[in-house]
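Try each task before you read its solution.

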Amino acid sequence: MGAVIFRNGLVLTMDDTHTVLPGADVLIVDDKIAEIGVGLTAPPGAQEIDATGGIVMPGMIDTHRHMWQTAMRGYGADWTLTQYFVWYYLESGKHFRPEDIHAGNVLAAWEALDAGVTTTVDWSHGLQTTQHADAAADALESVPGRFVLAYGNIQQGPWQWSAAPEFRDFVNRRIKGSDMLGFQMAFDVTGDPSFPEKAAFEVARDLGVPVTTHAGVWGATNDDGIRLMHEHGFMTPQTVYVHAATLNQDSYHRISATGGSVSVSTESEQSAGQGYPPTWTLRDHDIPVSLSMDTSVWWSGDLFSAMRTTLGADRSREHLQAHGRAETVTHVHLRAEQVVDWATRGGSRALGLDDKVGSLQQGKKADVVLLKNDASPVMFPILNPYGHVAFQAQRGDVHTVVVNGRVVKHEHKLVGADLAKARADVERTVEHLVSVMGRDAWEKGMNPDIPETKVMDNPYTYTEWDAGSAQWKHGSAQ
């Protein structure tokens, strides 16, 4: 791979003490960080990247993204969670072919890298067959990022698809021994007293793979599901609970006691209705947090938005509660530094990759991002680097991205991405969906009915301005 060196940047190491190094260099040799310091000597032939005026930070980590849905970017902008469930789970999700999974994954994978997200969990619950799963894995392996395939199938119960011989065959063929492609099993626990999901947990335990699950989602998953998982011994430090927004104290205690973590998708929770983003109570229970963007069928595909909305939601709730007590918040609890940690180290800890990625430290894998945009008035001055990352920067400021020592974006342009082919493949997916659904159904799905709204009566109605007296004459509505 050779060597790459970032010169004279403001380096956010995100190490255990959150060391910040101004005017520092980061030297990458092959796939690892070789050294961090000032005035480093680079090997002959090293690629030199001027980071002056920019922020060098670890690659961000998204722990929950339904990548296969990216071909429908923005389609569900006005959906509720109910409409999402109906469209994907009950009506139209079954129309996705293996090539459609492939198209969505390729587009999502490049989208993640473009925004400085170097590790992404593909929460792939559209894998109706192992042919779909092979297509998902092929897509992820065709893009030079670090990915975790979270295998799921919303068209069957997890006790069904996980028991199929072809599922185990897929795991043996595609996952074992892969350095850039990790694996999870992705399914939800409804709280059914018979606990049918037990069989899937047993498969996960037998295979030695972690489980990621949508927990605490209003109307879908609940405290009974958490209790059943705990009583049967299936809550582990490797378990990632997505959303976890509507749980009771007992459930949060169980998650905390067993060492699990929560993937918070604030844009999703705020808009779709899983529940209020739970960072405030996760802090109370000392539960580790990572961030995720959920799905591009609704929301932005970057973690800048995730950090920004997470700070906004947490602080908004803190102010609202204080106002309810006739008090004023003078110091906020959640800080920008904390959400930057959640977007980097939080993800690496949740995925069991903290010895490899998530921070800039000697010997770790070289997943590095440079935020620099000399053409933007927003990228200077950089006074509070954590605040700048969380509130000021955006994907257009991502100058260079390195994954595993390989430059995959440089000078604001992706390296090696065939976006023309990605566009053509996604267009074929859209054409297929419109064809099988019919144009009317396609349009209706994208434009749900608007609920009736009644405007309140307003007693302050004015009908005439009296210029002579320079005042409004009160009267009834005409």
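**Exercise 1.** Which residues of helix H5 (residues 165–174) are buried?

*Solution.* The model is predicted: local features need pLDDT of at least 70, side-chain atom pairs count only at pLDDT 80 or more, and totals for chains, interfaces and linings use all residues. Residues are numbered from 1 along each chain as its sequence is written, and side-chain values use heavy atoms, without hydrogens and water.

Step 1. Find the helix. Helices are DSSP runs of H or I with at least four residues, strands are runs of E with at least two, and both are numbered from the N terminus.

Step 2. Apply the cut-off. Buried means under 20% relative accessible area (1.4 Å probe, protein chains only).

Step 3. Read off the residues. In H5 they are Phe167, Phe170, Val171 and Arg174.

**Exercise 2.** Why do the buried residues of H5 line one face of the helix?

*Solution.* Step 1. Look down the axis of H5. The buried residues fall within an arc of 100 degrees, so they line one face. The arc is that of the directions from the helix axis to the C-beta atoms.

Step 1. Recall the general rule. An α-helix has 3.6 residues a turn, so residues three or four places apart point the same way.

**Exercise 3.** What covers the buried residues of H5?

*Solution.* Look for contacts (heavy atoms within 4.5 Å). The cover includes helices H3 (130–141), H4 (158–161) and H6 (198–207). Strands E8 (146–151) and E9 (181–186) are also among the cover.

**Exercise 4.** How many helices and strands does the protein have, and what share of its residues is buried?

*Solution.* Step 1. Count 15 helices and 19 strands.

Step 1. Of the 478 residues, 55% are buried.

Technical notes
Buried means under 20% relative accessible area, exposed over 50%, partly exposed in between (1.4 Å probe, protein chains only).
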